[in-house]
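I opened this notebook to record what I looked up in the structure shown below. The entries follow the order in which I consulted the strands, the sheet and the overall dimensions.

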Amino acid sequence: MPPPAPHFAQPDDARFRSRGDACPGALRLHRADDGALARVRVPGGVLGADQADALRELAGRLGDGELYLTSRGNVQLRGLGAECGGELASRMYEIGLLPSERHERVRNVVVSPLSGLDGRGERDVRPWLSVLDALVCASEEAVGLSGRFLFALDDGRGDVDALGADVTLRARAGGDAELRIGALESVARIPGGEAPRAALLAATVFLSMADASGSGAWRVSDLPGGAGPLFDEVVRRLGASGLPVARATVPVPDGAPPALGLVAGPGGTDALSVGLPLGRADAARWRALTDLARDHGAGELRLTPWRGVVVPGVRRGRASEALDALEAVGLVTGPGSPWSGVNACVGRPGCAKSLSDVRGDAASSLRAGPPGRALPVHWSGCERRCGHPRGAWVDVVAGPDGGYRVSVVRDGERGTPVRVADDPAALADAVAAARTPHT
């Protein structure tokens, strides 16, 4: 039987967490100034070409015609009418994106996008993804997780380990895995074959501790005692179950998104790694990706937590030509693009809290990043800074008195902001200067 029609979420109040969060999903829509918003969970970012086509068709018929990628590799549809909820839910069910009504908002899993493609990781962790998603959907306890709780499966290269997930599994040499809780440097080394079950155990222990504390915590960082007591209890329970567990200290890596362009893959194939300008794709760009995946690739898209897309399995002799075709429709195919590393919240007119049209201002102030590894930049319409990256980044936030404040964030510490008038040239200069790496 198809799932019930979506209902509309109420605004969150971070001061009171006596109930579950109001994070939107496919069955719980969010009212925005530009219409309703649906967030479709895509665990691991793995989306079949037919599923991607169906999302494009729904965005065009029910929404504003564009697809928006999130910092968790999920897809948002915007501009939806209030009356479309039943049809949207039924289609999600039909195309396999809604395997469990009760778990649809808690299937938040990011995976190393190039796992199994370029030979860099310790193992292909996508089998972990399949097992973990099935375990979550079969767990009665997991229903209690918030829509913000995040799992990360890292193939050993350290890319998604750097994202600050609530529970991270990282593959290690020899077949073992490391289990990390939040941003702790302490990890538990366990057999790789037991890693998905250990991750679910960590999530259910979190729920128990959140309930016992009365905090209504949504994420590990919300627990009154922080992540340390949770880690200790998870290690104790793993050991009590007979699993061999060893503690170790492993700093959280800096991490990096996949390089844009061609990625040498297995069996005479390449993967194509591209970015979506400001994380959004119109019908033409999305169709170019899905057609390539279906006709010349492995039949899937891998959506990345950095609002990019990897198309695996493209025959090597065709890959360069295919990359040129993606660039021709406006996708970001290399670091030389002025869009490389640039992102923004939705801003006006989509969000009532935004003080400015940040996407328009970002576009009008574009300038190619400086030579070397330029810092990413995120434009925000208000102090919430929705969707901002982790690590070191340039923070461009609209001010209540007009203009923007530009600063650099490193290790969670924000530098002194520079106030810049709402002028494209002045903004371009200030952002370019802030993006220049300093040693």
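Entry on strand 20. I looked up its partners and found that strand 19 (residues 377-380) runs parallel to strand 20 and is joined to it by four bridges. Here two strands count as paired if DSSP finds at least two bridges between them; strands (E, at least two residues) and helices (H or I, at least four) are DSSP runs, numbered from the N terminus. W379 has V396 of strand 20 as its bridge partner. I noted that this is a predicted model, in which local features need pLDDT of at least 70, side-chain atom pairs count only at pLDDT 80 or more, and totals for chains, interfaces and linings use all residues. Residues are numbered from 1 along each chain as its sequence is written, and side-chain values use heavy atoms, with hydrogens and water left out.

I next turned to strand 21 (residues 404-410), which runs antiparallel to strand 20 and is joined to it by six bridges. A398 is bridged to Y404 in strand 21. Five residues lie between the two strands of this hairpin, and G402 takes a positive phi near 90 degrees.

Is strand 20 buried or exposed? Six of the six residues of strand 20 (residues 393-398) are buried, so the strand is largely enclosed by the rest of the structure. Buried means under 20% relative accessible area, exposed over 50% and partly exposed in between, with a 1.4 Å probe and protein chains only. W393, D395 and V397 point one way, and V394, V396 and A398 point the other way.

I traced an open sheet of six strands in the order 7-8-9-10-11-12, with mixed pairing. Strand 7 (109-111) and strand 12 (246-249) are at the edges with a single partner strand each, so one side of each lacks a neighbour in the sheet. Strand 11 (residues 186-191) runs antiparallel to strand 12, and four bridges join them. V187 has A248 in strand 12 as its bridge partner.

Entry on the whole protein. I recorded nine helices and 23 strands. Buried residues make up 53% of the 439 residues. The C-alpha trace spans about 60 × 55 × 55 Å along its principal axes.
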